[in-house]
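Hi,

Here is the structure I said I'd pass on. Have a look first, and my notes follow below.

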Amino acid sequence: MPTIVVDVMPKSELLDPQGKAVSGAFARTGVTAFSDVRIGKRFELTVDGEVTDDVLAEARRVAEEVLSNSVIENVVGVEVAE
């Protein structure tokens, strides 16, 4: 069965406490290759049948209206997984 993947990230202008905690852990453990960490959410939607344009449009609608909080998050990706 096909899967549609939806990625949601906190808006860039907002603080990301989880990301800051991971950045702090990197610093404490000597990891220096990364300057920032932002943590988001990934949703996998299993499709019963073929992924049509209508199904993909419905996934985008659900991503914007149900899976994300538009006040603090952006939907950054809606795509069919390979």
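Before the rest, some housekeeping. This is a predicted model, where local features need pLDDT of at least 70 and side-chain atom pairs count only at pLDDT 80 or more, while totals for chains, interfaces and linings use all residues. Residues are numbered from 1 along each chain as its sequence is written, and side-chain values use heavy atoms, leaving out hydrogens and water.

Back to Phe26: with Phe34, Phe26 forms a tilted aromatic pair, 5.8 Å centre to centre and 40° between the planes. (Rings of Phe, Tyr and Trp, the last by its six-membered ring, pair if their centres lie within 6.5 Å; planes under 30 degrees apart are stacked, over 60 edge-to-face, the rest tilted.) A search of the whole structure finds one such pair. Phe34 counts as exposed, at 54% relative accessibility.

Next, the inside. The largest nonpolar core has 10 residues, including Ile4, Val47, Leu56 and Val78 (a core is a set of buried Ala, Val, Leu, Ile, Met, Phe, Trp, Tyr and Cys residues joined through side-chain atoms within 4.5 Å). Helix 2 gives the largest share of this core, four residues (helices, H or I of at least four residues, and strands, E of at least two, are DSSP runs numbered from the N terminus).

Then the charges. There are five salt bridges, each a side-chain nitrogen of Lys or Arg within 4 Å of a carboxyl oxygen of Asp or Glu. Glu73 pairs with Lys41, with the closest N and O atoms 3.1 Å apart. That pair links distant parts of the chain, with Glu73 in strand 3 and Lys41 in strand 2, 32 residues apart. Glu73 is buried at 13% relative accessible area, whereas Lys41 is partly exposed at 34%.

Within helix 2, Glu58 and Arg61 sit three residues apart, about one turn of the helix, and their side chains meet in a salt bridge of 2.9 Å, N to O. Glu65 joins Glu58 and Arg61 in a network of salt bridges.

One for you to look at is Lys11: buried, yet without a salt bridge, the nearest side chain of opposite charge being Glu13, 4.9 Å away (Lys and Arg count as positive, Asp and Glu as negative; His and the chain ends are not counted).

Cheers

Conventions:
Buried means under 20% relative accessible area, exposed over 50%, partly exposed in between (1.4 Å probe, protein chains only).
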